[in-house]
Amino acid sequence: MKSLQKAKTRIQQLKGLPYLVIEAKAFLEKFGEFLSEDEKNEITQEIQEAQNIKLTSKKPLQERFKSHFYTYEEIKNAPATRWLVQDLIPSSSIGVMIGDSGVGKTTVVLHICTTILTTKANVYIYMIDGDMNQTKIKESEAYPLLRKFPKRFIYAGKQTGGDFSEFVQELLTEIVEEQMKHPDREYFVIQDSLMLTVPKKRGFVDTQKLYFYEKILRSVGGSTLFIHHLNKDGNFADSQQIINYADYSFSITRNKFNSTILLHPQKASRYAIEGKAFLTEDRKIVKEVEYEAVNIEPRESKFVSYVLEALEDGEMNQSEIISHLEKMRFFSEYKVGQKKATKWLTVWGDKGKWSYERRPDQKNAIYFWIEQNKSEKVENLQNLKNCKTTLSDSVKGVCDE
């Protein structure tokens, strides 16, 4: 039984006095009937002495765990959060942006790249894209960035055969080394999309390898941002660890009603990220706009569209608009009550989507209309004048109609 004794000796060395006390108690309980009273008393006394030694030698809790406790001075002197883009992309972090195909994820990310490259001279961006071909890249905002920042904006994604994710992992190891060689720089890696660049196991993301090199890059001062697509049903169906292991995440949506792309904070446990919104024109970002002002739910944007469509034919009172919405089956389809609809009428009127006024001579009815600009008014008046003064009576009838 040499092996058993050797194992017991090793456990005793590892666990020390507490183990011996537990072993002695167990021994007494199991074999006490075979011992004399003196033997039992001696063992009991040794147990008591060992416990007393443990109690007297044990340091106070705060002393024993001192290395794990923060002090006031440490918190006071903690550095402020560094940002690649204020309230959006933290430095030395791992982030994920998730959205439907075609919603504008790459458009937003390239806009972010433009902002960083023009404001942070020490940042080097590696865009790893397994989706777009050369023609699509040329049509995107990546093309002018390649021309303007050839040394600080590197676009990777040529398909040369083999496993694309293996190439990405090799590239990441090199970027980590570059970050370590140049601590005065920050390397920012963008991976589009996560399902193409992260190693997989049986067709699914290999969570054992998820963010492996990205975590190392973060530890030496670099950052990574992943672009991740929703599935065909518009659901997040992959491993939840994709979000859990990241430092922050955004959900990206497009609001066709006001031509904006919105970034909704999803996970913000480590950083105080904020919602962002960007106005687009011809699928290109024109400028950043106030997130709260354009972040409206689909049924409300549909309501505004229906009302604007109705008011194109001329002014209408509140009852007429409600009747129009009923004919369009808006209330039943979008589960909106008439009380909420009447509130939205004044809310969006105050926002300038249309004008409205209460008319005492019309039994205090509220009328709504679309305000025309001066050129439209002049054109309409001119057309009306022409109809009245130059056309025949038969044509006048057509104008009147």
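Colleague: Which ring does the charged end of Lys215 sit over?
Modeller: The ring of Tyr245, with the charged end 4.9 Å from the ring centre. A charge sits over a ring if NZ of Lys or CZ of Arg is within 6 Å of the ring centre and within 35 degrees of the ring normal. This is a predicted model, where local features need pLDDT of at least 70, side-chain atom pairs count only at pLDDT 80 or more, and totals for chains, interfaces and linings use all residues. Residues are numbered from 1 along each chain as its sequence is written, and side-chain values use heavy atoms, leaving out hydrogens and water.

Colleague: And what does the charged end of Arg359 sit over?
Modeller: The ring of Tyr367, 4.3 Å from its centre.

Colleague: Switching to aromatics, how many aromatic pairs are there?
Modeller: The structure has 15. Rings of Phe, Tyr and Trp (its six-membered ring) pair if their centres lie within 6.5 Å; planes under 30 degrees apart count as stacked, over 60 as edge-to-face and the rest as tilted. Tyr248 and Phe250 have ring centres 6.1 Å apart and planes at 75°, so they are edge-to-face.

Colleague: Is Tyr248 buried or exposed?
Modeller: Buried, at 0% relative accessible area. Buried means under 20%, exposed over 50%, partly exposed in between (1.4 Å probe, protein chains only). Phe250 is buried too, at 0% relative accessibility.

Colleague: Which residues form the aromatic cluster?
Modeller: Phe303, Tyr306, Phe330, Phe331, Tyr334, Trp344 and Trp354 form one cluster.
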